[in-house]
Amino acid sequence: MNKSLYIERLKTILIVVLFLSTVLLSYFYWHTPSFSGIRQSVNEHFSSSVFTSEEIPDLTTFVSPGEFQVNFGNGIYTVYQHDSAALWDTFVDSYIEFTGMQNLMIEEITEEQWRETMDMKSIQYIFDFDLPVSFFESLGAGNFGQSEYFDRISAAAISEASTTSLFVRDDTQGKYFRIISDSDFYPLEEKISEISSSSPNQYYPIYMFLGTENYAMAPYVTNISLPILSYTKKSPENTGNYEKDLAKTFFGESLDFIRKLTDDNGTIIYMYGYGEKMLTIYKNGEFDYQDNLPSDAVQLSFGNALSKAVSFIANHGSWSSYDGEKLYAQLKSVSDDSTSKMTKYRFRFMTNYSNYTLYGSESSTIEIEVTGDQITFYSRDVSMLSPDTLSEQYPEDGKNALITDILSAGYQSLAKQLIEKNVIAPEDSSLDLFDVIVKNISSIEAGYFGRSTEENSEYVPSWIITFSNYKVFFNLYTGEYLGYFIETEQ
């Protein structure tokens with residue numbers, strides 16, 4: 001054989017051997033269990049210039065009732081949405097103390113008894129989703145055997161009907177309960193007097209002013225003053241090494257073993273291995289992350305899964321915007337797809353402005369999925385409402401549009417929309433459409449609906465009429481239809 005040809009073949013073989021050796025060593029380094037601690041240390045403890053670890057927020061800042069209903073007696077009510085932290089904190093402390101009492105008794109009551117109880121002086125804490133009792137236990141509350149009766153709370157209440165009792169509604173079962181103690185556990189009179197002194201807007205059961213049977217609370221005449229929020233979206237393009245710094249929070253300071261791909265639209269993908277872990281960063285700053293479920297994942301309770309999710313967000317993108325402005329988020333929905341083999345929770349957080357949730361095409365949303373004890377999906381799409389890009393404008397005529405006028409003028413088109421979206425049954429179209437619409441209303445509240453134009457982006461003050469998980473928006477001042485938003489299914 002020609003000597004030079006022999007040498008060239010030998011070189012080729014050596015190159016192939018070296019390449020295969022490199023691949024094998026890389027595989028063993030990143031996949032061998034003995035190095036899992038090293039990988040975890042790298043992922044969790046290296047910081048970056050843009051994204052740094054934050055103090056982990058307390059879970060009760062995210063999980064609170066979506067609605068506080070207060071009955072002052074004599075048919076006078078008021079409703080708060082997410083803006084009574086002190087009321088919630090007092091209740092949580094009292095609930096923990098209450099569950100530690102001895103000789104607690106639980107009895108099931110009827111829906112009629114529940115309504116009669118709430119028609120007296122009372123405070124109801126109504127959640128946006130069915131909250132597992134285990135959440136309270138994770139805060140230090142005791143387990144007093146309630147699991148034999150219920151394990152989820154859709155609403156909790158106290159009433160002068162029995163100041164030694166806690167009332168619980170479990171919508172998953174369609175049942176109502178009364179938990180009886182030996183002594184008072186909540187300063188009901190003191191709280192109602194305190195709330196009354198602030199001259200809140202008055203709410204009434206819907207049937208009282210719309211004539212159709214529905215016990216949900218709604219405002220009749222209000223004086224809610226909310227500004228139109230106009231803003232310029234902040235882009236991460238000019239924030240230095242934004243995408244690289246973000247990637248380091250997921251893959252560690254060294255990205256040597258991470259593949260980076262960029263498409264024609266400016267979307268950047270960081271990939272570990274053959275897609276076991278993948279971070280996709282879009283040009284507008286939105287990103288999502290996916291990770292495979294390890295074989296040794298373990299079960300987590302609701303509270304522990306939520307704690308893991310909140311901690312993960314704080315360390316991977318944070319609860320702040322690109323320029324450090326704090327985001328005020330609320331847990332709006334929970335999807336529980338758990339099986340007997342593995343728990344799976346998907347948490348959806350939405351940001352607030354002045355205690356009002358921001359909805360619409362410009363909504364700011366963080367979604368995260370915890371399967372077992374592993375984060376398997378994480379998505380962050382947050383609008384930048386920074387002081388230097390935000391302006392507030394109040395309308396000259398600050399009168400609120402009346403809910404009665406909005407429904408009277410638009411119930412037919414609204415019914416058509418709800419039938420098309422399968423929110424109400426098609427066969428209901430043969431009934432009195434106004435009654436059908438009113439009967440299906442879950443709540444009416446004020447908030448914001450985001451939308452973009454060529455000139456700017458804005459959040460419009462809105463009336464939000466909710467039908468189950470479907471929200472319809474009307475301008476708070478003009479009554480103009482703005483759009484709809486579908487909540488995540490539980």
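Does Thr99 count as buried or exposed, and at what relative accessibility? At 6% relative accessibility, Thr99 counts as buried (under 20% relative accessible area; exposed is over 50%, partly exposed in between; 1.4 Å probe, protein chains only).

This is a predicted model, in which local features need pLDDT of at least 70 and side-chain atom pairs count only at pLDDT 80 or more, while totals for chains, interfaces and linings use all residues. Residues are numbered from 1 along each chain as its sequence is written, and side-chain values use heavy atoms, without hydrogens and water.

**View 1. Surroundings of Thr99.** Thr99 belongs to helix H3, residues 85-99 (a DSSP run of H or I, at least four residues, numbered from the N terminus). A polar atom of its side chain lies 2.8 Å from the backbone nitrogen of Gly142. Beyond four places in sequence, Thr99 is in contact (heavy atoms within 4.5 Å) with Leu104, Ala141, Gly142 and Phe144.

**View 2. The largest nonpolar core.** This core has 74 residues (buried Ala, Val, Leu, Ile, Met, Phe, Trp, Tyr and Cys joined through side-chain atoms within 4.5 Å). Helix H9, residues 302-315, gives the most to it: 8 residues. Leu306 is among the residues with the most contacts inside the core. Leaving out residues up to four places away in sequence, Leu306 touches Leu59, Val63, Phe135, Leu331, Phe347 and Phe349.

**View 3. A second, separate core.** It has 38 residues, including Ala218, Leu390, Tyr470 and Val472.

**View 4. Residues 23-52.** Here pLDDT (the predictor's confidence in each residue, from 0 to 100) stays under 50. The model has 36 contacts beyond four places in sequence for this stretch. Mean pLDDT of the protein chain is 81.

Methods. Helices (H or I, at least four residues) and strands (E, at least two) are DSSP runs, numbered from the N terminus. A polar contact is a pair of N or O atoms within 3.5 Å; within protein, one must be able to donate a hydrogen and the other to accept it, and residues adjacent in sequence count only if both atoms are side-chain atoms.
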